[in-house]
Amino acid sequence: HRYQGSAGKAQENTYRWLEPVLKYFDDIVFTHDKTSVHSDFFVEDNLGNYDALVAAGTKAFLINRPWNHKVDNRNRIDSVKDFTDAVREHTLGLAMV
């Protein structure tokens, strides 16, 4: 799943951003309440949304952006590749338990 809070250009930009890995997604959902649909993993750039996702039990990753660098105690990533690596590592770790 991929959730995006605002409509319009954000949808187009999201598709463009995910184009290299789009084949790995079952579906993409655009919604203001990102906790409204269950997701195992999530990439977010908004601190409030990140905190809400974590509180809802989602394994969230905060992608580094200029507007969210003030907080440093989050699961941070720099790119989609970092995200896929983190999910792979988490999934492999669970398989080994």
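A residue is called buried when its relative accessible area is under 20%. In this predicted model, Thr 31 has a relative accessible area of 19% and is therefore buried, because that value lies under the 20% cut-off. Thr 31 is placed in the loop between strand E2, which spans residues 29-30, and strand E3. A polar atom of the Thr 31 side chain lies 3.4 Å from the backbone nitrogen of Asp 33.

The chain as a whole may be described next. Its secondary structure comes to three helices and five strands, and along the sequence these elements follow the pattern β-α-β-β-α-β-β-α. Of the 97 residues in the chain, 32% are buried. The accessible surface comes to about 6400 Å², and carbon and sulfur atoms account for 53% of that surface.

The largest nonpolar core of the model has eight residues, namely Phe 41, Val 43, Phe 61, Ile 63, Ile 77, Phe 83, Ala 86 and Val 87. Strand E3 (41-44), strand E4 (59-63) and helix H3 (80-96) are the elements that give two or more residues to this core, and H3 gives the most, with three residues.

Several members of the largest core can be followed individually. When residues up to four places away in sequence are not counted, Ile 63 touches Trp 17, Val 43, Glu 44, Asp 45, Asn 68, Ile 77, Asp 78 and Ser 79; among these, Val 43 and Ile 77 are also members of the largest core. Ala 86, another member of that core, lies in helix H3. The relative accessibility of Ala 86 is 18%, and the residue therefore counts as buried. The C-alpha atom of Ala 86 is separated by 10.0 Å from that of Arg 76, a residue 10 positions away along the chain.

A search of the whole structure finds one aromatic pair. This pair is formed by Phe 61 and Phe 83 in an edge-to-face arrangement, with 5.6 Å from centre to centre and 80 degrees between the planes; the arrangement counts as edge-to-face because the angle is over 60 degrees. The pair links distant parts of the chain, since Phe 61 belongs to strand E4 and Phe 83 to helix H3, 22 residues apart. Both of these residues are buried, and both belong to the largest nonpolar core. Asp 82, which also lies in helix H3, has a relative accessible area of 29% and is therefore partly exposed. The C-alpha atoms of Asp 82 and Phe 61 are separated by 9.6 Å, although the two residues are 21 positions apart along the chain.

Leu 53 is placed in helix H2, which covers residues 47-55, and its relative accessible area of 1% makes it a buried residue. With residues up to four places away in sequence left out, Leu 53 touches Lys 34, Thr 35, Phe 42, Glu 44, Thr 58 and Ala 60. Of these, Thr 35 is 18 residues away from Leu 53 in sequence, while the two C-alpha atoms are 5.8 Å apart in space.

Burial is also found for a charged residue, Arg 74, whose relative accessible area is 18%. Arg 74 has its place in the loop between E4 and strand E5, the latter covering residues 76-77. The side chain of Arg 74 makes a polar contact of 2.8 Å with the side chain of Asp 51, and a polar contact of 2.8 Å with the side chain of Asn 73.

Helix H1, made up of residues 9-18, has Ala 10, Thr 14 and Leu 18 as its buried residues. These three cover an arc of only 60 degrees around the axis, and they therefore lie on the same side of H1.

Key: Residues numbered from 1 in each chain as written. Predicted model: local features only at pLDDT ≥ 70, side-chain atom pairs only at ≥ 80, totals over all residues. Heavy atoms only, no water. Core = buried A, V, L, I, M, F, W, Y, C linked by side-chain atoms within 4.5 Å. Buried < 20%, exposed > 50% of the residue type's maximum accessible area, 1.4 Å probe, protein only. Helix = DSSP H or I, 4+ residues; strand = E, 2+ residues; numbered from the N terminus. Contact = heavy atoms within 4.5 Å. Areas by Shrake-Rupley, 256 points an atom, 1.4 Å probe, with all protein chains shown as cover. Phe/Tyr/Trp six-rings, centres within 6.5 Å; stacked < 30°, edge-to-face > 60°. Polar contact = N/O pair within 3.5 Å; in protein donor to acceptor, adjacent residues only side chain to side chain. Arc of directions from axis to C-beta.
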